[in-house]
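Here are my notes for your first read-through of this model.

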Amino acid sequence: MNGKLRTAIVGSTGYGGVELIRLLLQHPKAEITSVISSSNAGALYAEGYPHLSEIVTDRLEAIDVAAMKSKADVVFLATPHGVSTELSPKLIDAGLKVIDVSGDLRLKQGDVYETWYKHKPADPAYLDRAVYGLCEVFGEDVRGADLIANPGCFPTATSLGLVPLLAEGWIDPSTIISDAKTGVSGAGRGLGLAYHYSEINESTLAYKVNRHQHTPEIEQTLSRVAGQEVTMTFTTHLLPMTRGILVTSYAKLTQARTDEEVVNLFRSYYEGRKFVRIRPVGKYPATKEVSGSNYCDIGVSVDARTGRVTVISVIDNLMKGAAGQAVQNLNLMMGWDESTGLDFTPVYP
Ligand SMILES: NC(=O)C1=CN([C@@H]2O[C@H](COP(=O)(O)OP(=O)(O)OC[C@H]3O[C@@H](n4cnc5c(N)ncnc54)[C@H](OP(=O)(O)O)[C@@H]3O)[C@@H](O)[C@H]2O)C=CC1
Ligand SMILES: CC(=O)N[C@@H](CCC(=O)OP(=O)(O)O)C(=O)O
């Protein structure tokens with residue numbers, strides 16, 4: 001023992017898992033004690049990820065709650081939907097802390113989860129116990145929690161772009177439309193026809209139109225902040241890039257505002273929050289400007305002609321959209337500075 005917090009990663013062989021490894025390897029207060037696989041226990045981790053040769057020398061371990069309890073304090077779940085539903089209660093009951101990167105514990109109402117995810121929901125007691133870790137909005141809830149539902153990638157970018165406007169009543173909640181674009185790593189490492197080079201290269205497409213599972217998650221956050229039920233239109237698009245999410249949101253202003261007023265509202269709402277950066281009037285962020293980092297960058301514009309505000313928000317889906325925010329949640333949960341181990345610049349170009 002060197003005094004560091006011991007972490008285990010279930011789903012370590014996926015894209016979310018390998019990004020968690022990148023972050024936890026250089027975290028000053030945490031270490032990785034188990035990399036876990038449901039299908040390949042015994043194999044050397046770096047066999048599947050040669051970029052980690054001579055860096056991660058561990059072998060993959062099977063899922064075993066007692067073994068995790070003996071080797072770890074906190075377990076990250078970077079697993080497909082449905083796994084955490086069953087596994088998180090066992091880990092919590094064993095006295096472990098859990099940060100779930102999947103969607104299993106994000107929606108407070110089990111029937112809503114079942115409708116959108118087509119999976120059996122988790123036990124309501126654990127849904128109640130899970131704290132929704134959108135750090136810049138609900139971060140206070142995370143301190144001292146033991147079960148975190150890490151927000152989805154699209155919900156993180158979309159919600160951070162709308163929350164200040166709703167919190168202050170500057171937009172009409174019934175008029176929100178968000179148009180989202182993502183790179184292919186959002187779909188994970190598994191194979192799928194839509195993600196083949198020859199299918200997505202030089203092409204783009206909308207998918208899960210009016211049925212994306214992140215819609216109720218965004219609505220849940222916006223409703224909580226607005227203090228009334230919010231429904232919205234949300235459309236996702238796949239782009240031929242590896243990392244990155246860009247969301248453009250539109251809503252009707254409740255009264256005339258200037259660009260400067262809206263920029264100042266965002267700056268004041270996120271004051272002191274390192275990972276949200278607001279562009280000046282007339283400037284809008286690109287996905288490359290946050291790539292590999294935990295930042296969410298936001299640009300805003302008022303259209304005086306239509307009375308609508310346009311918000312552009314970008315994140316790296318694997319960082320602020322998954323592993324980065326999961327480590328930020330770990331930091332908040334442990335009472336550490338939220339940027340511990342995340343304090344590095346984006347990769348550019
Ligand atoms: N990719 C992204 O940008 C984001 C992903 N997420 C969510 O994070 C989770 C992981 O996503 P991602 O890493 O992209 O997905 P991947 O498909 O890349 O990885 C998922 C991993 O889960 C493991 N797994 C599969 N079945 C089981 C099982 N029954 N029990 C335990 N582990 C299993 C697999 O590894 P093995 O066979 O070795 O066990 C696999 O490597 C998903 O819920 C996803 O929705 C959230 C935000 C963003
Ligand atoms: C390109 C692509 O398919 N992206 C995924 C991103 C969702 C995801 O990562 O899952 P969570 O629900 O756990 O956040 C999607 O649109 O479903």
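Where is the place of P349?

1. Start at that proline. P349 sits in the segment after helix 12. The peptide bond leading from Y348 into P349 is cis, with omega near 0 degrees. As background, most peptide bonds are trans, and most residues other than glycine have a negative phi.

2. A word on the ground rules. This is a predicted model, where local features need pLDDT of at least 70 and side-chain atom pairs count only at pLDDT 80 or more, while totals for chains, interfaces and linings use all residues. Residues are numbered from 1 along each chain as its sequence is written, and chains are lettered from A and ligands numbered from 1 in the order in which they are written. Helices (H or I, at least four residues) and strands (E, at least two) are DSSP runs, numbered from the N terminus.

3. Now find the open sheet of 7 strands, whose order is 8-9-7-10-13-12-11, with mixed pairing. Two strands pair if DSSP finds at least two bridges between them. Strand 8 (205-207) and strand 11 are the edge strands, each pairing on one side only. From one strand to the next, the twist averages 25 degrees.

4. Zoom in on strand 12, residues 296-303.

5. Look at both neighbours of strand 12. Strand 11 (residues 276-278) runs parallel to strand 12 and is joined to it by 3 bridges. Within that pairing, R277 has D297 as its bridge partner, and I278 has I298. Strand 13 (residues 308-315) pairs with strand 12 in the antiparallel sense, over 7 bridges. One bridge there links D303 with R308. Strands 12 and 13 form a hairpin with 4 residues between them, and G307 in the turn has a positive phi of about 75 degrees.

6. Next, a helix pair. Two packed helices are described by the angle between their axes and the distance between the axes. Helix 8 (residues 153-167) packs against helix 12 (residues 319-334) at an angle of about 100 degrees, with the axes 8 Å apart. That makes helix 8 roughly perpendicular to helix 12, a label for angles from 65 to 115 degrees (under 35 is roughly parallel, over 145 roughly antiparallel, the rest oblique). Axes are lines fitted to C-alpha atoms, for helices over the stretch in contact, and angles run from 0 to 180 degrees between N-to-C directions.

7. Who touches whom in that pair? C153, T156 and A157 in helix 8 meet K320, G321, A322 and Q325 in helix 12, contact being C-beta atoms, placed from the backbone, within 7 Å. By class, this contact has 3 nonpolar, 3 polar and 1 charged residues. Nonpolar covers Ala, Val, Leu, Ile, Met, Phe, Trp, Tyr, Cys and Pro, charged covers Asp, Glu, Lys and Arg, and the others, Gly among them, are polar.

8. On to the ligands. Ligand 1 has 31 residues around it, with G14, G16, S37, S102 and G188 coming nearest; a residue is near if its C-beta atom, placed from the backbone, lies within 6 Å. The shell divides into 10 nonpolar, 20 polar and 1 charged. Its largest share, 3 residues, comes from helix 1. Ligand 2 is surrounded by residues including S102, C153, H214 and L238. The shell of ligand 2 has 4 nonpolar, 8 polar and no charged residues.

9. E202 has a positive phi of about 55 degrees although it is not a glycine, and its place is in the loop between helix 9 (197-200) and strand 8. Why does E202 count as exposed? Because E202 has 7 C-beta neighbours inside 10 Å. N210, also not a glycine, has a positive phi of about 60 degrees. You'll find N210 in the loop between strand 8 and helix 10 (215-226), where N210 is exposed, with 9 other C-beta atoms within 10 Å.

Conventions
Buried ≥ 20, exposed ≤ 12 C-beta atoms within 10 Å, placed from the backbone. Contact = placed C-beta atoms within 7 Å.
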